[in-house]
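Here is a short briefing on one protein model. Keep the structure open as you read, and find each residue as it comes up.

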Amino acid sequence: MKETINLTLDAENAENLQLFTEILKKDINTIFNEALAQYFENAQKKLLEKNIADENAMTNLDYDEFWDGVEL
C-alpha cells in the first residue's frame, strides 16, 4: 500500500539524507522505509521490555513482603 505523507526535515537530516542517497546509491524512499522499519523494530522491543519489567515489578515481592500480615 502506497500512501503520500508530507514530511518536514530539519536541515541536518535533509543534508544527511541527500549525502547518504549518494553514498549508498539508494533512493530516498528506500532509506526512509529502511529507517522506519528499524525504528519500529526498536520501539516494539522497548515496549515489550517495558511491559515485562512492569509485570515483574508487580510480582517481585520478597518473602517478608509476600507474607506480611498473614497469620497462620
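**A helical chain, residue by residue**

Asn 51 is partly exposed, with a relative accessible area of 41%. This residue, Asn 51, sits in helix α2, which covers residues 28-59. The model is a predicted one.

**Overall build**

- The protein has 3 helices and 0 strands.
- Along the sequence, the pattern reads α-α-α.
- The C-alpha trace spans about 75 × 25 × 20 Å along its principal axes.
- How does the radius of gyration of the protein compare with that of a compact globule of 72 residues? The protein has 23 Å, whereas such a globule would have a value near 11 Å.

**Surface and burial**

- Buried residues make up 4% of the 72 residues.
- A residue counts as buried when its relative accessible area is under 20%.
- The accessible surface of the protein comes to about 7,200 Å². Carbon and sulfur atoms account for 55% of that surface.

**Helix α1 and its ends**

- Helix α1 runs over residues 11-24, and Leu 24 belongs to this helix.
- α1 has 14 residues. From its first C-alpha to its last, α1 reaches 20 Å. That is close to the 20 Å expected at 1.5 Å a residue.
- Thr 8 lies in the segment before α1. Is Thr 8 buried or exposed? Thr 8 is exposed, because its relative accessible area is 80% and the cut-off for exposed is over 50%.
- Lys 25 follows α1. The phi of Lys 25 is positive, near 55°.

**A nonpolar patch**

- Which residues make the nonpolar surface patch? Leu 19, Phe 20, Ile 23 and Leu 24 make it.
- The patch has an area of about 370 Å².
- Leu 24, one of the patch residues, has a relative accessible area of 44%. Leu 24 therefore counts as partly exposed, since that class lies between the 20% and 50% limits.

**One salt bridge**

- Side chains of opposite charge can pair when their charged atoms come close.
- How many salt bridges are there? The count comes to 1.
- Lys 26 forms a salt bridge with Glu 34. Their closest N and O atoms are 2.9 Å apart. The cut-off for a salt bridge is within 4 Å.
- Lys 26 is partly exposed, at 29% relative accessibility.
- Glu 34 is partly exposed too, at 41% relative accessibility.

**One aromatic pair**

- The structure holds 1 aromatic pair.
- Tyr 39 and Phe 40 form this pair, and it is edge-to-face.
- A pair of aromatic rings is described by the distance of the centres and the angle of the planes.
- For Tyr 39 and Phe 40, the centres are 5.5 Å apart and the planes are at 70° to each other. Why is the pair called edge-to-face? The pair gets this name because 70° lies between the planes and angles over 60 degrees count as edge-to-face.
- Tyr 39 counts as exposed, at 52% relative accessibility.

**Distances along the chain and in space**

- Asn 51 and Glu 22 are 29 residues apart along the chain. Their C-alpha atoms are separated by 40 Å.
- Thr 8 and Lys 25 are 17 residues apart in sequence. From C-alpha to C-alpha, Thr 8 and Lys 25 are 23 Å apart in space.

Terms used: Residues numbered from 1 in each chain as written. Heavy atoms only, no water. Patch = residues over 30% accessible without salt bridge, like charges linked within 9 Å, V, L, I, M, F, W, Y side chains within 5 Å. Areas by Shrake-Rupley, 256 points an atom, 1.4 Å probe, with all protein chains shown as cover. Salt bridge = Lys/Arg side-chain N within 4 Å of Asp/Glu carboxyl O. Helix = DSSP H or I, 4+ residues; strand = E, 2+ residues; numbered from the N terminus. Buried < 20%, exposed > 50% of the residue type's maximum accessible area, 1.4 Å probe, protein only. Expected span 1.5 Å × (residues − 1). Rg over C-alpha atoms; globule rule 2.2 N^0.38 Å. Phe/Tyr/Trp six-rings, centres within 6.5 Å; stacked < 30°, edge-to-face > 60°.
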